[in-house]
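This report describes side-chain packing and charge pairing in a protein model. The sequence and the structure come first, and the description follows.

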Amino acid sequence: MHCGARAVERPALGLVKTPAATPSWQPIAHLGLIEQVEKALAASRLTIVNQAHSLSQDGSRYFGLMHIRNGHENNDYAWVMGLRNSHDKTFPAGIVAGTQVFVCDNLAFGGEVKFARKHTRFILRDLPQIAERAVARLVEKWHTQEKRIAVYKEHKIADRDAHDLIIRALDIGVIGSRAVLLVLGQWREPVHEAFAPRTAWSLFNGFTEAMKGDSLMLLPKRTEALHGLFDGFCGLVHRIGGLAAIPGVN
């Protein structure tokens, strides 16, 4: 697990006490949220291959990862779903589409779907429908991610442009100053032969390799910003980077 949280087994989530509701706020049990999302995934014929769970802030914040199979497997990366929840009102429950590269276990995320009700009064009653809508939106984001990766793999990049992208990533807060040399080193001498081609995909994985120590809570935001930077460079026209709420649920 990344820093900022402790790994736990699934049964431990059921032991986390859910705070009492108030007239305007209804917290969701971490395990209850997971179970609803699992049902929605099954209804969409998506299979969970593996999963990992973490807690922070004395159990009040949850983040989990699930490796998802959709009937076919890519040769070099897999679909990953990030799932989060909080009992301290830090953020609403949500899921995020991600990918995991097999050769290096790098994680990248590409768009979050929030359970936009923010744990309000009838969230538990409506949670099954909200979870189904969220998973449907997530599948769209995974397909967008696959198209994006295909473009990155085909887009050639020169050293000058790679250096510029690294500095621009620093400017927008994707990486800190200490990570600049790590990304540059991955670009100049890739640890993995798969990233030897001088493409946007190779440089992108140089970034995700350097970001492995980031908190899982922060990683989705940072990789979304990184995607925005690379999408602009590669000429992709679809909008990436904003948080998407589920239509019809406010």
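Is Asp164 buried, partly exposed or exposed? With a relative accessibility of 39%, Asp164 counts as partly exposed, a class lying between buried (under 20% relative accessible area) and exposed (over 50%), computed with a 1.4 Å probe on protein chains only.

The model is predicted, so local features need pLDDT of at least 70 and side-chain atom pairs count only at pLDDT 80 or more, while totals for chains, interfaces and linings use all residues. Residues are numbered from 1 along each chain as its sequence is written, and side-chain values use heavy atoms, with hydrogens and water left out.

**Salt bridges**

Side chains of opposite charge can pair when their charged atoms come close. A salt bridge is taken here as a side-chain nitrogen of Lys or Arg within 4 Å of a carboxyl oxygen of Asp or Glu, and the count comes to six. The table gives some of them.

| Salt bridge | N to O distance |
|---|---|
| Asp76 and Lys153 | 2.5 Å |
| Asp164 and Arg168 | 3.5 Å |
| Lys212 and Glu209 | 3.5 Å |

Asp76 lies in the loop between β3 (61-69) and β4 (77-86), whereas Lys153 belongs to helix α3, so their pairing ties together parts that are 77 residues apart in sequence. Helices (H or I, at least four residues) and strands (E, at least two) are DSSP runs, numbered from the N terminus. Asp76 is partly exposed at 25% relative accessibility, and Lys153 is partly exposed at 30%. Asp164 and Arg168 are four residues apart in helix α4 (residues 159-171), so about one helical turn separates them. Arg168 is partly exposed at 36%, and Lys212 is partly exposed at 32%.

**Aromatic pairs**

Rings of Phe, Tyr and Trp (its six-membered ring) pair if their centres lie within 6.5 Å; planes under 30 degrees apart count as stacked, over 60 as edge-to-face and the rest as tilted. A search of the whole structure finds six aromatic pairs. One of them joins Tyr152 and Phe204 in a tilted arrangement, 5.5 Å centre to centre with 45° between the planes. This pair links distant parts of the chain, with Tyr152 in helix α3 (residues 123-154) and Phe204 in helix α6 (residues 200-210), 52 residues apart. Tyr152 is buried at 0% relative accessibility, and Phe204 is buried at 2%.

Phe207 and Phe230 form an edge-to-face pair, 5.8 Å centre to centre with 90° between the planes. Phe207 is in helix α6 and Phe230 in helix α7 (residues 219-234), 23 residues apart. Phe207 is buried at 0%, and Phe230 is buried at 0%. Tyr152, Trp201, Phe204, Phe207 and Phe230 form one aromatic cluster.

**Charges over rings**

A charge sits over a ring if NZ of Lys or CZ of Arg is within 6 Å of the ring centre and within 35 degrees of the ring normal. Lys89 lies over the face of Trp25, at 4.9 Å from the ring centre. Arg198 lies over the face of Trp187, at 3.7 Å from the ring centre.

**Nonpolar cores**

In soluble globular proteins, nonpolar side chains tend to be buried together. A nonpolar core is a set of buried Ala, Val, Leu, Ile, Met, Phe, Trp, Tyr and Cys residues joined through side-chain atoms within 4.5 Å. The largest has 38 residues, and those with the most contacts inside it are Ile166, Ile175, Leu203, Phe207 and Phe230. Its largest share, six residues, comes from α6. A second, separate core of 31 residues includes Leu31, Ala40, Leu41 and Leu83.
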